[in-house]
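Please find below some points for a colleague who is looking at this structure for the first time. They can be checked one by one against the display.

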Amino acid sequence: MLKIRRKIGILKMVLKATVKDFRSNWKHQSFLSVGDSEQKYATLRMYAHMLDKALNNPSFEKGHSLAVYKDAKRISKDIESFYKNDPAFAWVLKVVDAFEKAQETGAPNVEKRKPIDYTNEEQETITKFIRSRTSCRNFEKRQISEQTIKDIVSFAVDAPNGCCRQTARFYITQNQTKISQLVPNIAGITNFTNIQGLVVVCAESSFYALKDKNLQYVDASLSAENFILAAGMYGIYGTMCNFFHASPKQVESCKKILSIKETENIVMFIALGYPVYIPEKPIRRELDCFCKIVE
């Protein structure tokens, strides 16, 4: 009897998760039909990324990726008026032009930079900096300048991302009224004192096809890691807070408070500020638990 009850319980959980996934997939697919300029621009950056890979392939052959090239040309003309002053758009045009010329010459002309050779002293400094990252939950009542926040985000968006679609979005508030409204909706925010700034890390979901929709969470998380590391460079610490347990009502509430677009999924929150003190960092397990070298 106990086994039957357990199996029924498992079945209920599976069915509940299946229904939730179906609703999520249906909603995600509906976003893909919008087809606005931002979607087209993300697709264009993805095509430029594909062409750039081809140009840097030592075995480059004329004629390959022509369909991607033609689509990139078409989209770039279609949205040029919207993004002609965007540096990323200039990069796209540069790649498309280089690919076009490579079709004529058969030999791509690409910049080939050498890796940076860091000195031992530089390696020690970088090591110390990266290992200094520690989750912190006690902050001073001290404002973070808008320029500092922008500088930190500039590092965050430099993180790797799938096919150069650049989907991470950062909503940042130091408005204490808004923070007090947001906190009850976030299960991961516990035992904090004086949250100075609250960062909502989002991903623009409409840039992903249904088959790779989960990549948005990887891309946003990579960007969030850059954010938290860059913040440490300015003496600002924080903690990444789980939001995956949020109910639809809590998600809706957070989006409404910060005017987050419907197509942007909330991936996590980061509570941050200038620390009162740096807490002791948890000791990681032995390296062999994580590093598996296969010969």
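The points below go from the overall layout to single residues.

1. The model is a predicted one. Its chain contains 9 helices and 4 strands, and their order along the sequence is α-α-α-α-α-α-β-α-β-α-β-α-β. The C-alpha trace covers about 65 × 60 × 50 Å along its principal axes. Of the 295 residues in the chain, 35% are classed as buried.

2. Side chains of opposite charge can pair when their charged atoms come close. The count for this model is 9 salt bridges. One of them joins the side chains of glutamate 38 and arginine 169, with 3.8 Å from N to O. Because glutamate 38 belongs to helix α2 and arginine 169 to strand β1 (residues 168-173), this pair ties together parts that lie 131 residues apart in sequence. Glutamate 38 is partly exposed, at 30% relative accessibility.

3. A salt bridge inside a helix. Aspartate 97 pairs with lysine 101, and their closest N and O atoms are 3.3 Å apart. Both residues are in helix α4, 4 residues apart, so about one helical turn separates them. Aspartate 97 has a relative accessible area of 34% and is therefore partly exposed. Lysine 101, at 48%, is likewise classed as partly exposed.

4. A further salt bridge. The side chains of glutamate 140 and arginine 142 also form a salt bridge, at 3.8 Å from N to O. Glutamate 140 is partly exposed with a relative accessible area of 32%, and arginine 142 is partly exposed at 41%.

5. A negative patch. Which residues form the negative surface patch? They are Asp117, Glu121, Glu122 and Glu124. Glutamate 121 sits in helix α5, which covers residues 120-131. Its relative accessibility is 63%, and the cut-off for exposed is over 50%, so glutamate 121 counts as exposed.

6. A nonpolar patch. Ile116, Tyr118, Ile126 and Ile130 make up a nonpolar surface patch of about 380 Å². Tyrosine 118 is located in the loop between α4 (87-105) and α5. With 39% relative accessibility, tyrosine 118 is partly exposed.

7. Backbone angles to check. Most residues other than glycine have a negative phi. Serine 65 has a positive value, near 65°. Serine 65 lies in the loop between α2 (37-55) and α3 (66-83), and its relative accessibility of 32% makes it partly exposed. Asparagine 191 is not a glycine either, and its phi is positive at about 60°. The loop that holds asparagine 191 runs between α7 (176-182) and β2 (197-204). Is asparagine 191 buried or exposed? Asparagine 191 is exposed, because its relative accessible area is 69%.

Terms used. Residues numbered from 1 in each chain as written. Predicted model: local features only at pLDDT ≥ 70, side-chain atom pairs only at ≥ 80, totals over all residues. Heavy atoms only, no water. Patch = residues over 30% accessible without salt bridge, like charges linked within 9 Å, V, L, I, M, F, W, Y side chains within 5 Å. Areas by Shrake-Rupley, 256 points an atom, 1.4 Å probe, with all protein chains shown as cover. Salt bridge = Lys/Arg side-chain N within 4 Å of Asp/Glu carboxyl O. Lys, Arg positive; Asp, Glu negative; His and termini not counted. Charge placed at Lys NZ, Arg CZ, Asp CG, Glu CD. Helix = DSSP H or I, 4+ residues; strand = E, 2+ residues; numbered from the N terminus. Buried < 20%, exposed > 50% of the residue type's maximum accessible area, 1.4 Å probe, protein only.
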